[in-house]
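Try each task before reading its solution.

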Amino acid sequence: MLQFNSFDAVSFAANQKLMSRRKQIILKSVIIVIFFNAAVSGVSAQDSTRLLNLTEAITATLNNNKGIQLAKLDESIAASNYKQTAAIYLPQVGLSYTALSTNNPLHAFGFKLQQKSITQNDFNSDLLNHPSGTPDFTTKLEVQQPLVNMDLLYKRKAAAKQTELYQYKTQRTKEYLTFEVQKAYLQLQLAYDAVTVLEDALQTTKSVYTFTDNHFKQGLIQKSDLLNAQVQITAVESSLAKAKSNIRNVSDYLGLLMGQGDGIIYRVDNALQAETSANDAVTKIAASRSDFLAMQKAIEASDLMIKASEMSYLPKLNAFGSYQLNDSRMLGFGANAYIAGVQVSWDIFKGNKTKNSIAAQTLERNKLSEQLAQQKEQSQLELNKAYRDLADAQFDIEQQKLAIEQSSESLLILQNRYQQGLVNTTDVLMASTQLSQKKFALAQAVFTTNVTKAYLQLLTASTNK
């Protein structure tokens, strides 16, 4: 007959509680996994996948990017401002209709004179001194014709330089966004390469785990080796998830550049490869680069504005004329008269306002000149650095290729020795990690090479416009 003492009863109850907790934990884990898979499936269902090549990406960006559209709007605004300056050649015409009534002796007599309705009785002293309300309805056509305004002429020339300035700014915006698309596309290729490397690493780690698990079940190795393999699988899976998220992040950025919005996962044509086409090295920044030309046009516009201020010292010659109809009736157009003339005006002294304005404009022009010189020097430094970075990246590619060969051979040797029980699991996992790192380092070096070449194109771009 079986008997239980108090200690056995307590142990049995504790074991039952422990088993119950384990079941609850397992059940919660299963529920969490189910919900996680459902969420991932829902997100994946919302995303669409599309194959994209670099030429398509650049074309879409140049056609749809908001930055280019804003630059074109600035260009159109500058062109419209230039068209406004045509007023220095064209006449200004105005038509007005005025209704007045007065008992002011002077104005009342003047109204009658304009209406050509003066009679002998209007010279009566009582009527002259105490007129009744006298109406006047005037229809007037006025014309003003600019003739010689040298300051306005130079302002018009400055406005023309502004239009050229914004044209060059638009061109530089296109060049910069082309570089941004190239860089983003290369980042997407790098992200896909990272996924490939991590998937290979995960497969290798799982094979090591399977081998380790079999030997652990046979009692040939320790549990710590099995746990190390499990930790390595977890780490690789975590890195793989981040790499896949990075694909979506870069795809969203590409969609933003192309004006396509987010939610589309783009696939690239080929794996990341270093471009072998090499153009002749450009050792000096071209002065005809569009952003330099835009700055130069700004300086020229400033020079013309200074000249316009200096021309304001000169006299101005303008013509004017008017034709009017006066009547005492609202819809009457009886008396007519005209006036025409030419006016010469000369602002001799404005309290040193013009002089100080010229001084300020000259300082602004000098500042622009210094900024242009600084920008050229900085670009030259960036060009020299880019060539050094390119050489380093190309050297790094060769080094990483050699390191991959050595790491692959080392991993193969360690796997063989591991199966013979001569090395532990940690050595194999470290060798696998090292190989993955070298593969990704090669992809990173190729990425750096291609991005640097694209940046060199941006730095050395020139225009014949």
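A residue is called buried under 20% relative accessible area, exposed over 50%, and partly exposed in between, using a 1.4 Å probe and protein chains only. The model is predicted: local features need pLDDT of at least 70, side-chain atom pairs count only at pLDDT 80 or more, and totals for chains, interfaces and linings use all residues. Residues are numbered from 1 along each chain as its sequence is written, and side-chain values use heavy atoms, with hydrogens and water left out.

**Exercise 1.** Decide whether Met 311 is buried or exposed, and find what it touches.

Solution. Start with its place: Met 311 belongs to helix 8 (residues 290-311), where helices are DSSP runs of H or I with at least four residues, numbered from the N terminus. Next, its relative accessibility is 15%, so Met 311 counts as buried. Then look for contacts, meaning heavy atoms within 4.5 Å. Leaving aside residues up to four places away in sequence, Met 311 touches Met 150, Asp 151 and Tyr 154.

**Exercise 2.** Describe how helix 6 meets helix 9.

Solution. Two packed helices are described by the angle between their axes and the distance between the axes. Axes here are lines fitted to C-alpha atoms over the stretch in contact, and angles run from 0 to 180 degrees between N-to-C directions. For helix 6 (residues 150-217) and helix 9 (residues 353-419), the axes come within 12 Å and cross at roughly 15 degrees. Helix 6 is therefore roughly parallel to helix 9 (angles under 35 degrees count as roughly parallel, over 145 as roughly antiparallel, 65 to 115 as roughly perpendicular and the rest as oblique). On the helix 6 side, Thr 204, Phe 211 and Thr 212 make the contact, and on the helix 9 side Leu 411, Gln 415, Tyr 418 and Gln 419.

**Exercise 3.** How are helix 9 and helix 10 oriented to each other?

Solution. First take the geometry: helix 9 and helix 10 (residues 425-460) pack at about 160 degrees, with axes 7 Å apart. The pair is therefore roughly antiparallel.

Methods:
Helices (H or I, at least four residues) and strands (E, at least two) are DSSP runs, numbered from the N terminus.
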